[in-house]
Amino acid sequence: MDHYSAAENLKETTLLLTHHVAPKPNPTFPLGLVPAPWRPYLELIRIEKPTGTMLMFWPGAWSLTMAAYAARAPPAAYACALGKTLVGAFVLRSAACTVNDIVDREVDAGVERTRTRPLPSGRVSVRAAALYLLVQYALGTAFFYATTRGGAFWVALAQLVPMRVFAVYPLLKRVTHWPQAWLGLAMNGGLVTAWLELAPDADYVVLGTALASCWCWTMLYDTIYACQDLADDARLGVRSSALRLGARVRSALLACGGAFVLLLAGAGAANAHGAPFFVGAVGGAAAHLVWQAKTVDLAVPRSCGETFRRNAQLGGIVWAGLVLDYARALRAGT
């Protein structure tokens, strides 16, 4: 399909679908707790779908725990920084979803899975979404200004402003099959912010290796995510790594998973971690990825969606191994 016919298809689909999608009769928690007029704005930031927030949170939590381990930071300081990292991930993910939906509203209208989102369904106007985004920018900037310092603030701010970072992702889907490669950088900037929170002196070997590991992980889970919409994306002229890889997608996912685990182990070795990290975090991640590979059916959208969400569990496994190693180091006093 050429670009002209794809654009015309998008316009026709948008005209057919906009203002004709009814709201869900039984809203997902916590949407049912707020008045109906507010729900589309909470849907816009995916508050009822926490997986994206957790996928953005975990790299920061891993990095923060590695920094706490290296600096032997007090548990109270670590717990406070962890809470700020979680709030920061929520703020960043919320703004990213809003700008993504503004840019992608016509594409979303033509995809079965996304056509009921607030913008393509007509429940939120583009102007209202843009104003909502500005409010998120203001609140996010205030939060990071109050809770971070020095280089950590500027890294967080660069992530927050999606015109620099996250808005590139939906635009890249029009010109390249590898938007996931950019997302691998955009999703994991919190890794740097979190490290600088407890260890102002950056360890570039540890951070660089950890960032490369998380990039491979993002490539893996977002390619699985893209497998949900293969037919619609092909029809609309939207590009993705899943479409480009075709029959080779499973082999590529295995390669990404293997690289993720090896680089994670390398980051731990560079940070002088002990057995709890290598057994719990690295071994646990490897085992979870093997389970994913055995259970996912890449030809079934529902299976791909479930496997994508399971990566939030993987993040918790890695973090648990890191926390155990951090606790061991504190007890040993080394």
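Asparagine 311 counts as buried, because its relative accessibility is 0% (buried means under 20% relative accessible area, exposed over 50%, partly exposed in between, with a 1.4 Å probe and protein chains only). The model is predicted: local features need pLDDT of at least 70, side-chain atom pairs count only at pLDDT 80 or more, and totals for chains, interfaces and linings use all residues. Residues are numbered from 1 along each chain as its sequence is written, and side-chain values use heavy atoms, with hydrogens and water left out.

Asparagine 311 lies in helix α16 (helices are DSSP runs of H or I with at least four residues, numbered from the N terminus). Its contacts (heavy atoms within 4.5 Å) include Leu55, Trp217, Leu220, Tyr221 and Gln292, leaving aside neighbours within four places in sequence.

Helix α14 covers residues 249-270. Its 22 residues should span 32 Å at 1.5 Å a residue (the expected span is 1.5 Å times one less than the number of residues). The end C-alpha atoms are 31 Å apart, which agrees. The buried residues of α14 are Val249, Leu253, Cys256, Gly257, Phe260, Val261, Leu264, Ala265, Ala267 and Gly268. They cover an arc of only 165° around the axis, so they lie on the same side of α14 (the arc is that of the directions from the helix axis to the C-beta atoms). Ser251, Leu254, Leu262 and Ala269 are exposed on the other side of α14. The cover over the buried residues includes α3 (51-71), α11 (204-226), α13 (241-245), α15 (275-295) and α16 (301-332). Alanine 272 follows α14 and has a positive phi, near 60°.

Buried in α6 are Ala129, Tyr132, Leu133, Gln136, Tyr137, Gly140, Phe143, Phe144 and Thr147. Their arc is only 150° around the axis, which puts them on the same side of α6. On the other side, Arg127, Leu131, Leu134, Leu139, Tyr145 and Ala146 are exposed. The buried residues of α6 pack against α2 (39-44), α4 (75-103), α7 (150-160) and α10 (190-198).

Helix α9 (residues 179-186) packs with α11 at an angle of about 130°, with axes 8 Å apart. That makes α9 oblique to α11 (under 35 degrees is roughly parallel, over 145 roughly antiparallel, 65 to 115 roughly perpendicular, and the rest oblique; axes are lines fitted to C-alpha atoms, for helices over the stretch in contact, and angles run from 0 to 180 degrees between N-to-C directions). The contact joins Gln180, Ala181, Leu183, Gly184 and Leu185 of α9 to Trp215, Thr218, Met219, Asp222, Thr223 and Ala226 of α11.

Key: Helix = DSSP H or I, 4+ residues; strand = E, 2+ residues; numbered from the N terminus.
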